[in-house]
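Morning, everyone. Please bring the sequence and the structure up on the screen. I will walk through them piece by piece.

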Amino acid sequence: MAVDVELEAVLRPIQYPMPPYPPKVITLANGKKMVVRQAAREDVPAILKTVHPCLFIERDYYDVVSARLYGELLAYYRYRVKSAYCLVGQVDGYLVGIVNGRMETEKVGISYHTLAIDRGLRIGSHLFAAKMEYHIEYLGQEDVLIVAESPIGFRRWMIEYPLEKTNLSHELGGVESYRLTRELYFAAKPRLVVGDRPVPKSLLDQAKKEILYADEKTIRESIAGLKGR
Amino acid sequence: MRDVAIIGVGMIPFGRRDEDSLLDMLAYASLKALDDAGMGDKTVNAVYVGNMGAGIIQHQTSIASSLVDRLSLLPAAADVVENGPASGGSAVKNGLLAVASGYYDYVLVAGGEKMREITGWRATDFVATMTHPEVEYPYGITLPGMAGMFTQLYMEKYGVTREHLLAVTLKNHEMGALNPYAHVEMLLDRGGIFDSPHAVVNNPVAATPLHLYDLCPVSDGAAAVILCPLEMATKLQKKPPVLIAGFGQATDTHTLQERDDPTDLKAVTLAAQQAFDMAKLKPKDIDVAELHDAFTILEIAESEHIGFFKKGEGGKAAAAGKTRLGGQIPINVSGGLKSRGHPVGATGVAQLVEITFQLRHELPKDRQVKGAKHGFTINFGGFGNNVVSFVLKRTEP
């Protein structure tokens, strides 16, 4: 697509400096190794192919979360959102989960969405924790603003951490935002944030080589079909 | 009293079944059982439905009447049996007595529960309605909470360790992964849920000392059996009948605190003993057992109270592989409640369905107990205050 360079300079937000998220590896309940790493902008098209089938799954608000995530990732890919990032979880190269967010200011982060493709392995919990780890420990932020769009998200974030309620609005709209402070994060870290670094080279190379994604039927079945039961 | 046989069984995959109502599930399982029995135009005289929570969760009562109508079995007699998580076992017991008495010839017993349409919190609260309304429930006790305290005591008294509990978890998930009816068809890994530091997230504490994977899932599901007198069963000849050779039921104090020794599951011992006596068999004669492992500790404790192992030996036996397929006494080859799932009203019936599969020798090799002749079940209600057991016997050589 042709880009008007002059207008692009106006439309493209200036980014805050963002140190990279160092990859880590997590052993899941089934023994599989999940590599958690920051997706590059050029990874987005492959990620969207996994998100797309989820747009049509009503169960557990996958449709809402996926539709919004799709738009957010596209905006990130096309430089229409400020200081955004995306972390992915991969098992054997396959994409099993996605989280994203952005820096609102240097001190305040915005959590966007968490989408688990493989369910029942706490992949969403691990990836959300990685997202919080990125905001607090690597971006050095003081607070992260978070809302949940599904009861599962509410249980996992608001209750498990637990987050503190604010009267601030979150840019996703909906209810008033909850907040993870540095203090809350470090209090929760021993029981919720895990992962080994560095990631063994073979695992990281496999993850970076290509983001593999399951076919639409498999994705839908893993979320809402027999295997998701 | 007439000898009573199971001549047909049916079950639907357990799990989260958003698309099905409770009645749908009961009907699916019942139709499968009727078909399995080769009933043809035989008349079902009575229907018993084991269910604990339709009145609370679905705001629906008289589901046995609804089921009879749905299945076009009018004017069969219809009763709901509510006995907490032992509702399924109790329903089968009532059906068995009706046939044994000579009053009815063909009885359908279905058990079912739909628990996933409410949140996990509400499901836990619903199950806790079986606790004492004055001295337990108002103080926030839950079944996982009771199981946690029971486990702690059992560990202190009998030396059960987390390694022992882990052996039950891994075994039951290994078998559940092979069972198409199982809710959680997922192999677990020792590293992922126990050894690795990452296990703190994968397998968090649920009720000290129990962790997430020590607890059964909350499930939707249904199962059904067809009962008839043994002498009439042989005439149907679609599949070999399985004799209900013995049954037992016993109760214990409502509250755990009133028991002389809270680790002593007297009702389990008594119910099992009654079933063994009636069947003229002993624990050593049993080839395969389905125990009520709503919590991993229960599989271990029940295996001791039944008499498969001495007190204090159940955990070690599990860790040594004695309860695995091919072991001394294969327990929960279905995956148990732990992996197959626990739709509370369905469980007692599902256990009998599984044992019937085993005694008809029709499971795949990786789940079939070779040459199984005698099977045993324990359906554990409350926290051991109402327990139903059965001994089943293969009728063919």
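Some ground rules. This is a predicted model: local features need pLDDT of at least 70, side-chain atom pairs count only at pLDDT 80 or more, and totals for chains, interfaces and linings use all residues. Residues are numbered from 1 along each chain as its sequence is written, while chains are lettered from A and ligands numbered from 1 in the order in which they are written.

Helices (H or I, at least four residues) and strands (E, at least two) are DSSP runs, numbered from the N terminus. Two strands pair if DSSP finds at least two bridges between them.

Chain A, then. It has an open sheet of eight strands with mixed pairing, in the order β1-β2-β3-β4-β5-β6-β8-β7. β1 (24-27) and β7 (164-165) of chain A stand at the edges, each with a single partner strand, so one side of each has no neighbour in the sheet. β7(A) runs antiparallel to β8 (residues 178-181) of chain A, joined by two bridges. There, A:Lys165 has A:Tyr178 as its bridge partner.

Across β1, β2 (33-38) and β3 (84-91) of chain A lies helix α7 (residues 201-209) of chain A, at about 60° to β2(A). Angles run from 0 to 180 degrees between N-to-C directions, and axes are lines fitted to C-alpha atoms, for helices over the stretch in contact. Contact means C-beta atoms, placed from the backbone, within 7 Å.

Where do the chains meet? The contact takes 16 residues from chain A and 22 residues from chain B. On the chain A side, β1, α4 (123-138) and α6 (182-192) each supply at least two residues.

Now chain B. How many residues of strand β10 (residues 374-381) of chain B are buried? Eight of the eight, so the strand is largely enclosed by the rest of the structure. Buried means 20 or more other C-beta atoms within 10 Å of a residue's own, exposed means 12 or fewer, and partly exposed is in between; C-beta atoms are placed from the backbone. β10(B) runs parallel to β9 (residues 288-290) of chain B, with three bridges. With β11 (residues 386-394) of chain B, β10(B) pairs in the antiparallel sense over eight bridges. β10(B) and β11(B) form a hairpin with four residues between them, and B:Gly382 in the turn has a positive phi of about 60°.

Next, the core. The largest nonpolar core has 202 residues, and B:Val47, B:Val225 and B:Val349 have the most contacts inside it. Such a core is a set of buried Ala, Val, Leu, Ile, Met, Phe, Trp, Tyr and Cys residues joined through C-beta atoms within 7 Å. Helix α1 (residues 22-37) of chain B gives the most to this core, with ten residues.

Most residues other than glycine have a negative phi, and most peptide bonds are trans. The bond from A:Arg197 to A:Pro198 is cis, with omega near -5°. B:Leu74 and B:Pro75 are also joined by a cis peptide bond, with omega about 10°. A:Tyr61 is not a glycine, yet has a positive phi of about 65°. A:Tyr61 has 15 C-beta neighbours inside 10 Å, so it counts as partly exposed. A:Arg122 has a positive phi of about 60°. With 24 C-beta neighbours inside 10 Å, A:Arg122 counts as buried.

Notes: Contact = placed C-beta atoms within 7 Å.
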